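User: I would like to go through this model and ask what stands behind the words used for it.

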Amino acid sequence: MAVPKKRQSRTRTATRRAQWDVITPPTLSVCANVACRAPVRPHRVCGTCGMYRGKQIFAPAAVTEQAPATTGE
Ligand SMILES: [Zn+2]
């Protein structure tokens, strides 16, 4: 196993470890569904409408709740 030639300073170690705490905000794009347009992470199913690349992956909870209300009227 390789052995380091020189001991790293406390500052250098702390600087490297400080990078663990860096939190970057998630990249967001807009849902491809024209009716939805909710912010979604790229290459992921939309959590609001359940669509991905024009396909319905799962039934969104909001629509199933609204469906009985519209039929009841
Ligand atoms: Zn959507």
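User: Where is the place of Arg 37?

Analyst: Arg 37 sits in the loop between β1 (29-30) and β2 (39-40). Strands here are DSSP runs of E with at least two residues, and helices are runs of H or I with at least four, numbered from the N terminus. This is a predicted model, in which local features need pLDDT of at least 70, side-chain atom pairs count only at pLDDT 80 or more, and totals for chains, interfaces and linings use all residues. Residues are numbered from 1 along each chain as its sequence is written.

User: Why is Arg 37 called partly exposed?

Analyst: A residue is buried if 20 or more other C-beta atoms lie within 10 Å of its own, exposed if 12 or fewer, and partly exposed in between, with C-beta atoms placed from the backbone. Arg 37 has 13 other C-beta atoms within 10 Å, so Arg 37 is partly exposed.

User: What makes His 43 exposed?

Analyst: His 43 has 8 other C-beta atoms within 10 Å, and therefore counts as exposed. His 43 lies in the loop between β2 and β3 (51-52).

User: What is the phi of Arg 37, and what is that of His 43?

Analyst: Phi of Arg 37 is near 60 degrees, a positive value in a residue other than glycine. For His 43, also not a glycine, phi is positive and near 65 degrees. Most residues other than glycine have a negative phi.

User: Which pattern does the chain follow along the sequence?

Analyst: The pattern is α-β-β-β-β-α, with 2 helices and 4 strands. Of the 73 residues in the chain, 4% are buried.
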